[in-house]
Amino acid sequence: MKAPEDRPETDVCAIPAPSADPMADGRLPDRSDDERFMAAAIDKVLVLDFGSQYTQLIARRVREHHVYSEIWPCTRSVEEIRQFAPKAIILSGGPSSVHEAGSPTIDPAVFTLGVPVLGICYGLQLMAHLLGGRVVPWP
């Protein structure tokens, strides 16, 4: 094996400087027509984030089953969700309670999109609350 000083300069790997973050302004980068076609042509699960520390883990577990998933903030509109055309929606957990003023919510029309919806922790509370169930605080 050559000593480091004997190696040609082409063996040196340069790490490029990080590029500007395309999501720094809070907007998703524009998709090309090819990307839009691919996103429409595959089965995908949408994870709506309510602030859970496990949201990334939830999406990863879905991907481990060879299903494409994306994480979106819970503030996205029903029309955006409809255009994304997920095969299922997961409402993540979060630190809020449906009993707190100003807790995050979604448009109940999400439940009329004709796809299964799984609520985890706060997502389940919110689903029950929006669909007419009763969420009772623990005594």
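Helices (H or I, at least four residues) and strands (E, at least two) were taken as DSSP runs and numbered from the N terminus. The structure is a predicted model, in which local features need pLDDT of at least 70 and side-chain atom pairs count only at pLDDT 80 or more, while totals for chains, interfaces and linings use all residues. Residues are numbered from 1 along each chain as its sequence is written, and side-chain values use heavy atoms, with hydrogens and water left out.

The chain contains 4 helices and 4 strands, arranged along the sequence in the pattern α-β-α-β-α-β-β-α. Of its 139 residues, 29% are buried, where buried means under 20% relative accessible area, exposed means over 50%, and partly exposed lies in between (1.4 Å probe, protein chains only). The accessible surface of the chain comes to about 9900 Å², and 58% of this belongs to carbon and sulfur atoms; accessible areas come from the Shrake-Rupley method with a 1.4 Å probe, and for residues only the protein chains shown count as cover. Contact is defined as heavy atoms within 4.5 Å. Among contacts in the chain with a separation of 6 or more, 69% are accounted for by residues 24 or more positions apart.

The 4 strands form an open sheet with parallel pairing, in the order β2-β1-β3-β4. Strands β2 (68-73) and β4 (117-119) are the edge strands, each pairing on one side only. From one strand to the next, the twist averages 20°. Two strands are taken to pair if DSSP finds at least two bridges between them. Strand β1 (residues 44-49) pairs with β2 in the parallel sense over 6 bridges, and V45 stands opposite S69 in β2. Helix α2 packs on the sheet and touches β1, β2 and β3 (88-91), its direction making about 160° with that of β2. Helix α4 (residues 122-130) also packs on the sheet, touching β3 and β4, and its direction makes about 120° with that of β4. For these angles, axes are lines fitted to C-alpha atoms, for helices over the stretch in contact, and angles run from 0 to 180 degrees between N-to-C directions.

Strand β3 is joined to β1 by 4 bridges, the two running parallel, with L46 opposite I89 in β3. The pairing of β3 with β4 is also parallel and has 3 bridges; the bridge partner of L91 in β4 is G119. In a regular strand the side chains alternate between the two faces of the sheet. In β3, A88 and I90 point one way and I89 and L91 the other way, and all are buried.

Helix α2 spans residues 55-64 and includes T55. Its buried residues are T55, I58, A59 and V62. They lie on the same side of α2, because they cover an arc of only 95° around the axis, the arc being that of the directions from the helix axis to the C-beta atoms. An α-helix has 3.6 residues a turn, so residues three or four places apart point the same way. The cover over the buried residues of α2 includes β1, β2 and β3. Just after α2, H66 takes a positive phi of about 65°.

T55 counts as buried because its relative accessibility is 3%. Not counting residues up to four places away in sequence, T55 touches V47, D49, I71 and S92. Its side chain makes a polar contact with the side chain of D49 (2.9 Å). A polar contact is a pair of N or O atoms within 3.5 Å; within protein, one must be able to donate a hydrogen and the other to accept it, and residues adjacent in sequence count only if both atoms are side-chain atoms. A further polar contact, of 3.4 Å, joins the side chains of T55 and S92.

S92 is found in the loop between β3 and β4 and counts as buried, at 0% relative accessibility. The S92 side chain reaches the backbone nitrogen of F50 at 2.9 Å. Leaving aside neighbours within four places in sequence, the contacts of S92 include V47, L48, D49, I58, I120, Y122 and G123.

P95 is found in the loop between β3 and β4 and is exposed, with a relative accessible area of 67%. Not counting residues up to four places away in sequence, P95 touches F50, G51 and E100. The C-alpha atoms of P95 and Y122 are separated by 7.4 Å, the two residues being 27 residues apart along the chain.
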